[in-house]
Amino acid sequence: MAQTNPPFMSGVPELLLLRLLEQKEMYGYELVRSIRKVTGEAISLGEGVIYPALHGLERNGALKSRRKAVAGRTRVYYGLTAKGRKRLAKLADDWRRVQGGIESALGAPAHA
Amino acid sequence: MPRLNVAALRNELLRAGISPTHVRRTLTELNEHFEDLVDERLIAGCDRDEAEQQALQSLGPMTDVATAMLDQPQLKSWAWRWPRVAVVVYPLACVAALPVVPLIVGVEHAESITRWTLGLLLAALVTATMFLVLQLAITLT
């Protein structure tokens, strides 16, 4: 095997966040709603933990943020950076590779 | 009435060395998120108590948020990541700030403050000179 799969399941929230933010800037609450929608509610998380994930990605340079006042509330909008796009491409490749491997394993006849 | 209580989370994160900037922003975002969830439930027909209770459940335990923050060392303040540098930089910054801070704080009375600061520096210089003379006297006799 050429590569290992360190991100595997632990990389799923990161992959989803980067993928959604690739399309448009969003704030936390909006992102949680979008994750539910695009995954058909297959992935649900304690909504509060999205912020540590976003801050970590921003700190690593994958996201940038800006504050915006909307209807008397302060929204922190997150958007993807060039580094974030590269990270997304890598995570998506890793995920497809893992998905392909699992699909072929599930399709193969079981051995004793 | 159930309300979002972030005081314990703030203390835990700060004690663990998470950067104050990240702590402040996380708490603001959690509060805004909570209000959005409450609004969503109110629109769906819940009364306020019920809406807040459900919003708290959706947000999840604050201990989970703390754990997720603490799992990311890059969110720690620089003084926690490089304690040896902080030990050198903080005292130097304080010493450098001493003559400047009174001027910044008391712009209205800058002249008086400058006079007092110069007086204090002069007094310190005189004292240091006296100690030097005493030391020389002791050494030479």
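Colleague: What makes A:Asp93 and A:Arg96 a salt bridge?

Modeller: In this predicted model, their side chains come to 3.7 Å, N to O. The rule asks for a side-chain nitrogen of Lys or Arg within 4 Å of a carboxyl oxygen of Asp or Glu, so the pair qualifies.

Colleague: Where do A:Asp93 and A:Arg96 lie?

Modeller: Both belong to helix α4 of chain A, residues 82-107, and they sit three residues apart, about one turn of the helix.

Colleague: Why is A:Arg96 called exposed, and A:Asp93 partly exposed?

Modeller: Exposed means over 50% relative accessible area, and buried means under 20%. A:Arg96 has 54%, so it counts as exposed. A:Asp93 has 48%, which lies in between, so it counts as partly exposed.

Colleague: What does the salt bridge of A:Glu47 and A:Arg33 tie together?

Modeller: Those two side chains meet at 3.5 Å, N to O. A:Glu47 is in the loop between α2 (28-38) and α3 (50-59) of chain A, while A:Arg33 is in helix α2 of chain A, so the pair links parts that are 14 residues apart in sequence.

Colleague: How do you know whether A:Glu47 is buried or exposed?

Modeller: Its relative accessible area is 0%. The limit for buried is under 20%, so A:Glu47 is buried. Salt bridges with shared partners also join A:Arg33, A:Arg36, A:Glu47, B:Glu40 and B:Arg41 into one network.

Colleague: Why is A:Arg73 called buried and B:Asp39 partly exposed?

Modeller: A:Arg73 has a relative accessible area of 17%, under the 20% limit, so it is buried. B:Asp39 has 28%, between 20% and 50%, so it is partly exposed.

Colleague: What makes A:Arg75 and B:Asp36 a polar contact?

Modeller: Their side chains are joined at 2.6 Å. A:Arg75 is in strand β2 of chain A and is buried, with a relative accessible area of 9%. Leaving aside residues up to four places away in sequence, A:Arg75 touches several residues, including A:Tyr27, A:Arg66, B:Glu32 and B:Asp36.

Colleague: How many salt bridges and polar contacts are found between chain B and chain A?

Modeller: The rule finds six salt bridges across that interface, and 18 residue pairs are in polar contact. On the side of chain B, the elements that give two or more residues are α2 (20-43), α3 (48-59) and α4 (62-70). The largest share, 14 residues, comes from α2(B). By class, that side has seven nonpolar, eight polar and ten charged residues.

Colleague: How is the size of an interface often given?

Modeller: It is often given as the accessible area lost when the parts come together. Here about 2100 Å² is buried between chain B and chain A, with 48% of that from carbon and sulfur atoms. B:Arg25, B:Glu29 and B:His33 supply 29% of the area that chain B buries against chain A, more than any other three residues.

Definitions and conventions. Residues are numbered from 1 along each chain as its sequence is written. Chains are lettered from A and ligands numbered from 1 in the order in which they are written. This is a predicted model: local features need pLDDT of at least 70, side-chain atom pairs count only at pLDDT 80 or more; totals for chains, interfaces and linings use all residues. Side-chain values use heavy atoms; hydrogens and water are left out. Buried area is the accessible area (1.4 Å probe) that two parts lose on being put together, summed over both. A polar contact is a pair of N or O atoms within 3.5 Å; within protein, one must be able to donate a hydrogen and the other to accept it, and residues adjacent in sequence count only if both atoms are side-chain atoms. Helices (H or I, at least four residues) and strands (E, at least two) are DSSP runs, numbered from the N terminus. Ala, Val, Leu, Ile, Met, Phe, Trp, Tyr, Cys and Pro count as nonpolar, Asp, Glu, Lys and Arg as charged, and the others, Gly among them, as polar. Buried means under 20% relative accessible area, exposed over 50%, partly exposed in between (1.4 Å probe, protein chains only). Contact means heavy atoms within 4.5 Å.
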